[in-house]
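Thank you all for coming; I would like to walk through one model this morning and stay with what the coordinates themselves can tell us. Please have the structure open while I talk.

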Amino acid sequence: METVFIQAVINGLLLGGVYAAYSAGFSLIFGVMGVVNLAHGELIMLGAFTSYWMFDCFHVDPYLSLPFATVLLFVFGYLIQKYVINRVIDQPHIMSYILTFGIHLIVANLALKMWSHDFRSITTSYSGANAAFWGLNIPYARLITFFLAGMVIAGLWFFLDRTETGRAIRATAMDKDVARLMGVNVREIYAVTFGIGAGITGLAGASISPFVIIFPEMGLNYTIVAFCVVVLGGMGYMPGALWGGAILGVAQSLAATYLSAGISVAITFLMLFVMLIVRPAGIVGKGMAT
Amino acid sequence: MPMLTPSEFTLRVAGGVLLWIGMAGCWNIMSGYTGYIDFGPVVYFGLGSYATAIAMTKYGLPFVPSALLSGVVAALVALPIGIPTLHLKGAYFAIATFAFAETMKQVCLEFDRTFGVSFFEGSHGITLPISGHDNTFFFYCLLPVTLAVLLVHYGIERSKFGYGLKAIHEAESAAEIAGVNTTGIKLRAYVTSAFFLGIFGGIEAYWITYITPDSAFNVHNTVQMVIMTLLGGMGTLLGPIVGAALLTIIYEVLGTAFVEYYLVMVGVIIIAIILVMPRGIVGTLKERMGLRFI
């Protein structure tokens, strides 16, 4: 009984790490530009497919393809922001939601056309390997993603806090007009920010590829989870992704263990809904409230 | 159109156009005029579908009272949901409404299995009594409801309520200081749109005779309402009519001729509208020609 509970919590935390890994970019993009990126899941899908094709065609280990996925998605994100989203960035935010939804439709359906509906997975020598002790199991692949999430968020914090570009990004997020007066090229900063957000999301997508099912339409569900994670942790507050991920992961895992897997999804949305109304700045109250 | 002895196909398309004009209009009443972007209107459509399906199959109610009941059920749900959510702004309102729609979909999917009852029927869906009615019947069912939605628009264009909605769009806090009961007005718009969406849900359920949580609460329905209104022009009377008619007909043409690329093309159309004429067809015309009441 107790083992079941501890196992459920561990599973939840590991799941939370996975959630945090692919939600941090969503939070960054919202925090800086106010863009709710509805094509977020497609970035994850593209990251996962990058690692899938590298594994399938060249037998590259999924973890070795992380840098490729990161760079590829950075370029993709940079170009999208620079040539598409930047054109509506000064208009009401709804324009950017709908625009990114359009991007979601195009990317997901072109991927579907190219790669078909097939469910794919990457089977490595260590797929399904566990560290087992005291009757508990910890899958290595999820553990790695868990630590990657921590590293990505720490790296992002370091970048935003300590580098010149990071300072420019923070300044733009606080007040874009003043930032412009201080000589920041706001549009370029937007493009770089979207690039970074997309890049770390691609990295997350590649890092979850060893243990998730990869298919062109996977994106929307990931977008929805990223929504929940970011709202729970606080929109635009980077470490909030870890909080939100952990809470959501543990809640889902406990609900799936003691109730049913289907109900755990309902609980996800219920938490999201209640959280928005009761505490819109996130669980630690450091997100942007309006 | 029915007077011209049209084919069943034309009637079906005409019915679809009416349905989507009405649904886009419902979204326009709330979001188009106030600028509060509702990303979960499909929840009231879905609840309406389920209310009609359950009333007809479990309680043997006839169709017309069931459809009206659906509207009442949707409005009764919208009231307690609207009060807390309408305090949220911008992206938070959009996400909260979206989350509520997904919650209700999951509840319909999992309720029976979790509580061991037979009510929503989970993923099996519900088969409604086969109506035996043809498309003409549904055309005339949809017509008064869609006209009612447009009548609400007409009222908005020339009433205090309408000015209130527009004031919320322009400057909500200023409107509040000027004595506009902003929360009350938003709530009225929200509940009104939920009521009509519930009826549309009921009619559509009886029309297609089979519903599942995935079909009734499909997020693409929300997206269609948003895009049609946006294409036509948010916050205008003619906007939803133009947008819905155009997109439904495009769907009937492109959707059958280029099935595989249909969604890609919808994506391209969306991006093109946003970039080329962010105010929509009617909005752009209004701006160019200086027209006020269209």
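Just after helix 2 of chain A, His59(A) adopts a positive phi of about 55°, helices here being DSSP runs of H or I of at least four residues and strands being runs of E of at least two, both numbered from the N terminus. Please keep in mind that this is a predicted model, in which local features need pLDDT of at least 70 and side-chain atom pairs count only at pLDDT 80 or more, while totals for chains, interfaces and linings use all residues. Residues are numbered from 1 along each chain as its sequence is written, and chains are lettered from A and ligands numbered from 1 in the order in which they are written.

Helix 2 itself covers residues 40–58 of chain A, and its 19 residues reach 27 Å from the first C-alpha to the last, close to the expected 27 Å, a span defined as 1.5 Å times one less than the number of residues. This helix of chain A is mostly covered, with 15 of its 19 residues buried, where buried stands for 20 or more other C-beta atoms within 10 Å of a residue's own, exposed for 12 or fewer, and partly exposed for anything in between, with C-beta atoms placed from the backbone.

Turning to the whole of chain A, we find 11 helices and 2 strands. The radius of gyration of chain A, taken over C-alpha atoms, is 19 Å, close to the 19 Å of the globule rule for 290 residues, so the chain is as compact as a globular protein of that length; that rule is 2.2 Å times the number of residues to the power 0.38. Of those 290 residues, 54% count as buried.

How many residues of chain A are in contact with chain B? There are 37, and they meet 36 residues of chain B, contact being defined by C-beta atoms, placed from the backbone, that lie within 7 Å. Helix 4 of chain A gives the most to this side, with 14 residues. The residues on this side of chain A divide into 28 nonpolar, 7 polar and 2 charged, with Ala, Val, Leu, Ile, Met, Phe, Trp, Tyr, Cys and Pro counted as nonpolar, Asp, Glu, Lys and Arg as charged, and the others, Gly among them, as polar.

Finally, on confidence, the model scores ipTM 0.77 and pTM 0.82. Chain B averages a pLDDT of 86, pLDDT being the predictor's confidence in each residue, from 0 to 100.

Definitions and conventions
Contact = placed C-beta atoms within 7 Å.
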